[in-house]
Amino acid sequence: VFRHGHCIRHQYAPSAGQQRTVYPASAFSISGTRQFSLKGVINMKVILTQDVRGQGKRGQMIEVSDGYARNFLLPRKLAQEATADNINTMRMNDKAMQEKRQREREEASAIAARMRDLTVTVFAKGGGAGRLFGSVTTQEIADALKQSCGIELDRRKLVLDEPIKTTGIYTVRCKLGYEITADLRVEIKEQ
């Protein structure tokens, strides 16, 4: 130990340009999720429970620094430690989600096949000569589709190119999800 002015400096203390590396006590009892690298940074594998900007998407396993995981991700429930149980649960959830998506895709394609030959009739109040009071909304078309064919669709999935203000036959595009669309023939009649 050297005495320099009023402060005491250790001869092995880092100089002004160097950075001191401090290891927490947990660094030396390394569990299965922590890795000790040669640079002195402790990494930890976590599974994201929500999308984290700059890190990854929900359900993804990433490797982040130990402090970032313990002080930010884990307390805010944005991630969970990648233990064997959690990895197993993640894989099972992924498998269930894929099966659900496949089932929904099959249902959407079946509905699209049914809608090809379908014509739905919607009655609206009119003022004569084919003119309607107001216009026919997507909600009215969705209700008529449910009533006549038993197909339940959200009104937001029906796309009108322009408002329907006269009687006649129109084609309405239906977005069924998973990039599957179907054209529905809608006949507008006066009440």
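Is Asp154 buried, exposed or partly exposed, and what is its relative accessible area? In this predicted model, Asp154 has a relative accessible area of 33% and is partly exposed, because that value falls between the 20% limit for buried and the 50% limit for exposed. The side chain of Asp154 is joined to Arg156 by a salt bridge, with 2.9 Å between the closest N and O atoms. Arg156, with a relative accessibility of 64%, is exposed.

The count of salt bridges in the model comes to four, and another of them links Asp66 to Arg70, again described by an N to O distance of 2.9 Å. Both partners belong to helix α1, which covers residues 66–73, and they sit four residues apart, or about one turn of the helix. Asp66 is buried, at 3% relative accessible area, whereas Arg70 is partly exposed at 34%.

A further salt bridge pairs Lys189 with Glu187, and here the closest N and O atoms are 3.9 Å apart. This pair still qualifies because the cut-off for a salt bridge is 4 Å. Lys189 is partly exposed, with a relative accessible area of 36%, and Glu187 is likewise partly exposed, at 23%.

How values were computed: Residues numbered from 1 in each chain as written. Predicted model: local features only at pLDDT ≥ 70, side-chain atom pairs only at ≥ 80, totals over all residues. Heavy atoms only, no water. Helix = DSSP H or I, 4+ residues; strand = E, 2+ residues; numbered from the N terminus. Buried < 20%, exposed > 50% of the residue type's maximum accessible area, 1.4 Å probe, protein only.
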